[in-house]
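Q: Please take a close look at the aromatic pairs in this structure. Which rings are linked into a cluster, and where do they lie?

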Amino acid sequence: MNKVETAVVNSPPRRWLQRLYETRALLRIGGRLLPGTRALEIGCGSGYGSQLVMDHFGAATLDAVDLDPAMIERAGKRLATYGGRVRLAQGSATDLLAALDAEDGSYGAVFDFGIVHHIPDWRAAIAEVVRVLAPGGRFYFDEVTAHALARPSYRRLFDHPIEDRFTAQQFLDELTRRGLVVVGSTTRIRGDYLLGVAAKTVPARV
Ligand SMILES: C[S@@+](CC[C@H](N)C(=O)[O-])C[C@H]1O[C@@H](n2cnc3c(N)ncnc32)[C@H](O)[C@@H]1O
């Protein structure tokens, strides 16, 4: 993230939007987590979303990863009050084994507050989310689409990969292609933003 985006993402209006609009919308679609759920946040930034996952979604424990060590340091300060219930790691959402020793099926829920559009190989990030989700687990996502990223204002102010970005439909299709079932989703501002929840189905018994 460049300086402008770091300031915008961590500004009081963005926090307000994340808590009062995005969290409520995601809870309406996917509900709170089951008691005892082990959650993961990819691209946790300064840890405000992690706080929401603990306090509003009801995670029992949370692992959170971010590529930027400065963000992990900020998140560590913010999340210190949760003690051993929260574990932070520097690393990439595309390799959670390296970052967090995350085995297949490790988490009951994965959260993405606006990070997958930052990743050049965004499909690899989705594949990794699906890998670490337990059967029956849920992926809560809040994403910025190619539609927003193509806007001149976005391109002038922020620094994102520009090749091979996804529309809302392409993101949802990739989740389905990887075997998730989309529980519900919504777009806002003419397709600029996508929010939703997808579930990893429990394999049928034979
Ligand atoms: C727009 S910020 C969102 C931060 C946080 N989720 C929030 O809503 O405040 C995107 C974050 O993704 C992180 N990021 C970018 N690529 C990443 C990757 N491959 N793996 C993990 N984190 C990544 C950046 O360092 C940045 O903190």
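A: Rings of Phe, Tyr and Trp, the last taken by its six-membered ring, are counted as a pair if their centres lie within 6.5 Å; planes under 30 degrees apart make the pair stacked, over 60 edge-to-face, and the rest tilted. In this predicted model, the count by that rule comes to nine aromatic pairs.

One of them joins Trp122 and Phe171: the ring centres are 6.3 Å apart and the planes meet at 20°, so this pair is stacked. Because Trp122 belongs to helix H6 (residues 122-132) and Phe171 to helix H9 (residues 168-177), the pair ties together parts that are 49 residues apart in sequence. Trp122 and Phe171 are each buried.

Phe171 also takes part in an aromatic pair with Phe141, with 5.2 Å from centre to centre and 55° between the planes, an arrangement that is tilted. Here, too, distant parts of the chain are linked: Phe141 is in strand S5 (residues 133-144) and Phe171 in helix H9, 30 residues apart. Like Phe171, Phe141 is buried.

Ring pairs link Trp122, Phe141 and Phe171 with Phe139 and Phe166 into a cluster.

Terms used: Residues are numbered from 1 along each chain as its sequence is written. This is a predicted model: local features need pLDDT of at least 70, side-chain atom pairs count only at pLDDT 80 or more; totals for chains, interfaces and linings use all residues. Side-chain values use heavy atoms; hydrogens and water are left out. Helices (H or I, at least four residues) and strands (E, at least two) are DSSP runs, numbered from the N terminus. Buried means under 20% relative accessible area, exposed over 50%, partly exposed in between (1.4 Å probe, protein chains only).
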